[in-house]
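The exercises below are meant to be worked with the sequence and the model open side by side. Try each task before reading its solution.

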Number of protein chains: 2
Amino acid sequence: MNLEAALYMIPVSISDAAPSDFIPAGNIGIVAGIRHFIVENVRTARRFLRRCDPSFPIGDCTFCELNGHTDPNEIHSFLEPLRKGQPVGMMSEAGCPGVADPGASVAAIAQREGLKTVPLAGPSSILMSLMASGFNGQGFSFNGYLPISDAEKAKRVRELESTAAKTGMTQIFIETPYRNNRTVALLAETLRPDTLLCVASGITDPEKESITTLPARLWKKKIYDYAKTPSIFLISRR
Amino acid sequence: MNLEAALYMIPVSISDAAPSDFIPAGNIGIVAGIRHFIVENVRTARRFLRRCDPSFPIGDCTFCELNGHTDPNEIHSFLEPLRKGQPVGMMSEAGCPGVADPGASVAAIAQREGLKTVPLAGPSSILMSLMASGFNGQGFSFNGYLPISDAEKAKRVRELESTAAKTGMTQIFIETPYRNNRTVALLAETLRPDTLLCVASGITDPEKESITTLPARLWKKKIYDYAKTPSIFLISRR
């Protein structure tokens, strides 16, 4: 256990596929040297650690939870082990910590204090959907969630479409899974007929992965069901 | 060799670190079933395949090169094996194919023809630098290369800074390595003193990795040398 003291940003699985299919073996070696974790959800973090290495001594570890319920004043203390010279691991609920989750705040504290921050490689549904979409990967924006109401959402979709046309940059966003089908219908109605929409659903899931790029007019006729499956939406006007 | 016929987007190493440190074992298993590759550079692609699996039958493989020298009319034919039911692998010079490279054009053809496209997980210096920067990962833009001349570059930097301030979105860009030091100096001069700049250099390189976030005013005083090392630049105004 001579792992260098640093904040390790550890990607976790984004489906039930075997961790070795999408997580580099090197990550497991690094995790083996860590006993302090900052995690979005303790239960899923423990489950991930156990799936990566059934003999990992979870009982010897501390877990600090960082999510919508965390007191902002508490976050600073999560890095106490690192300040004392011990490595700390950070894990999101799924995918890469610090991307589309609250994790960036901890990396920001580490950077401010000059504490070493080390990102590990792993699955990112945002980047993987971009790779497979066929859309511009030399310029792209990730825009997080869209507004919830249909009217506000349609307005935002038109803004993103116009930005995509003006800049050539791929526009990426996400949606709460149970709203996926409604959002695809809204996109098919709202976008210009020839604007390309990619829906990337169930990335890395051996049963459910589906990544489809079509012009909006063809999405109107397509049969789909993305409810309950995490999905990424991408728009291109090139 | 019963790998499903699809276009596999295969991330490759971004440093000389051992592939197993940053490439999932599952990727190697998939590559083992592929004999047709579309690659940015044949020499580095062969080297990567050999490093992943010294017994890989490179002599039995076909390689089509996709880069600035490729005749655009030829690209369509690169997917011929896939149209005949054989898996095709796509590899960039470094990192994730289809992101910050010419690879998206092939994925676009595959999508247009309804050919299955499968992204694999792996290292992306863009995403890994974002994870470690401490910057907003719920909204970010990758802007590719900046203009070359100092005057044009400074203008573009000010635009990106203003966008970062207005939208809160992290602004990411890259530079040709031999211009890195000059670009850091220009950024330190051009950005407002309290704008945060992260320089992420040599990601995954055990000797050279350095990821530093500081306000522009402190970059003016800092000693650095990023020449010859691939680096990512990130700006935040949050």
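**Exercise 1.** How many bridges join strand S1 of chain A to strand S4 of chain A, and do the two run parallel or antiparallel?

Before starting, note that the model is predicted, so that local features need pLDDT of at least 70 and side-chain atom pairs count only at pLDDT 80 or more, while totals for chains, interfaces and linings use all residues. Residues are numbered from 1 along each chain as its sequence is written, and chains are lettered from A in the order in which they are written.

*Solution.* Strand S1 (residues 7–10) and strand S4 (residues 88–91) of chain A run parallel and are joined by 4 bridges, where helices (H or I, at least four residues) and strands (E, at least two) are DSSP runs numbered from the N terminus, and two strands pair if DSSP finds at least two bridges between them. Within this pair, A:Met9 stands opposite A:Met90 of S4(A).

**Exercise 2.** In which order do the strands of the open sheet of 10 strands follow one another?

*Solution.* The order is S9(A)-S8(A)-S10(A)-S7(A)-S6(A)-S6(B)-S7(B)-S10(B)-S8(B)-S9(B), and the pairing is mixed. At the edges stand strand S9 (210–215) of chain A and strand S9 (210–215) of chain B, each with a single partner strand, so one side of each lacks a neighbour in the sheet. Between the chains, S6(A) and S6(B) pair in the antiparallel sense over 3 bridges, with A:Phe140 opposite B:Phe142.

**Exercise 3.** Which residues of helix H8 of chain A are buried, and against which elements do they pack?

*Solution.* In H8 (residues 180–190) of chain A, the buried residues (20 or more other C-beta atoms, placed from the backbone, within 10 Å of their own) are A:Asn180, A:Thr183, A:Val184, A:Leu187 and A:Ala188. They cover an arc of only 135° around the axis, which puts them on the same side of H8(A); the arc is that of the directions from the helix axis to the C-beta atoms. They pack against helix H7 (150–167), strand S8 (196–201), helix H9 (216–219) and strand S10 (231–236) of chain A, contact being counted when C-beta atoms, placed from the backbone, lie within 7 Å.

**Exercise 4.** How many residues does the contact take from chain A and from chain B?

*Solution.* The contact takes 46 residues from chain A and 45 residues from chain B. Helix H6(A) gives the most to the side of chain A that touches chain B, with 6 residues. Of the interface residues of chain A, 98% are also interface residues in chain B, so the copies meet through the same surface.

Conventions: A residue is buried if 20 or more other C-beta atoms lie within 10 Å of its own, exposed if 12 or fewer, and partly exposed in between; C-beta atoms are placed from the backbone. Two residues are in contact if their C-beta atoms, placed from the backbone, lie within 7 Å.
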